[in-house]
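Here is a briefing on one protein chain. Look at the sequence and the fold first, then read the points below.

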Amino acid sequence: PASPWGLVFIDPPYRSDLAVRSASALTHLADDAVIVIEHDRRNAPPDEVGSLLRTDQRRYGDTFVSFFEGPS
């Protein structure tokens, strides 16, 4: 069997719901997995996506990168 994913990058087209849909569909994650979602400032994912919680957010101009982790 394949190892669970420890790091996932999600960079969907801006102004779509694909980031949330993609993060919600992840099922093969390691316990300490980190999910990184790139998005614009007007279309940020919610603080919680399923069981994933936003732990950090960085801004680079109009681009944001949000980091999510599962509950500890």
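**Briefing: sheet, core and side-chain pairs**

Strands β4 and β5 run antiparallel and are joined by 7 bridges; strands here are DSSP E runs of at least two residues, helices are H or I runs of at least four, and both are numbered from the N terminus. Two strands count as paired if DSSP finds at least two bridges between them. This is a predicted model, in which local features need pLDDT of at least 70, side-chain atom pairs count only at pLDDT 80 or more, and totals for chains, interfaces and linings use all residues. Residues are numbered from 1 along each chain as its sequence is written, and side-chain values use heavy atoms, with hydrogens and water left out.

**Overall fold**

- The protein has 1 helix and 5 strands. Their pattern along the sequence is β-α-β-β-β-β.
- The C-alpha trace spans about 40 × 20 × 20 Å along its principal axes.
- Among contacts with a separation of 6 or more, 52% join residues 24 or more positions apart. Contact means heavy atoms within 4.5 Å.
- Of the 72 residues, 28% count as buried. Buried means under 20% relative accessible area, exposed means over 50%, and partly exposed lies in between (1.4 Å probe, protein chains only).

**The sheet**

- The 5 strands form an open sheet with mixed pairing, in the order β1-β2-β5-β4-β3. Its edge strands are β1 (5-10) and β3, each of which pairs on one side only.
- Strands of a sheet pair through backbone hydrogen bonds, either parallel or antiparallel.
- β2 (residues 29-40) pairs with β5 (residues 63-69) in the antiparallel sense, over 7 bridges. Within this pairing, Glu38 has Val65 of β5 as its bridge partner.
- Val65 in β5 also stands opposite Arg58.
- The hairpin of β4 and β5 has 2 residues between the strands, and Gly61 takes a positive phi near 70° there.
- β3 and β4 run antiparallel and are joined by 2 bridges. Val49 stands opposite Leu52 in β4.

**The nonpolar core**

- The largest nonpolar core has 11 residues, among them Val8, Ile10, Leu26, Ile35 and Phe68. β1, α1 (18-25) and β2 each supply at least two of its residues. β2 gives the most, with 3.
- Such a core is a set of buried Ala, Val, Leu, Ile, Met, Phe, Trp, Tyr and Cys residues joined through side-chain atoms within 4.5 Å.
- Val49 and Leu52 both belong to this core.
- Ala33 is another member. Leaving aside neighbours within four places in sequence, Ala33 is in contact with Trp5, Gly6, Phe68, Glu69 and Gly70.

**His39**

- His39 lies in strand β2. It counts as buried, because its relative accessibility is 3%.
- The side chain of His39 makes a polar contact with the side chain of Ser66, at 2.7 Å. A polar contact is a pair of N or O atoms within 3.5 Å; within protein, one must be able to donate a hydrogen and the other to accept it, and residues adjacent in sequence count only if both atoms are side-chain atoms.
- Not counting residues up to four places away in sequence, His39 touches residues including Tyr14, Pro45, Arg54, Asp62 and Phe64.

**Salt bridges and exposed residues**

- The structure holds 5 salt bridges. Each is a side-chain nitrogen of Lys or Arg within 4 Å of a carboxyl oxygen of Asp or Glu.
- Arg41 and Asp62 form one, with the closest N and O atoms 3.4 Å apart. The pair links distant parts of the chain, 21 residues apart: Arg41 is in the loop between β2 and β3 (48-49), and Asp62 is in the loop between β4 and β5.
- Arg41 is partly exposed at 46% relative accessible area, and Asp62 is partly exposed at 45%.
- Asp17 and Arg21 meet in a salt bridge at 3.3 Å, N to O. Asp17 is partly exposed, at 44%.
- Asp47 forms a salt bridge with Arg54, at 3.0 Å between the closest N and O atoms. Asp47 is exposed, at 52%.
- Tyr60 belongs to strand β4 (residues 52-60). Tyr60 counts as exposed because its relative accessibility is 53%.
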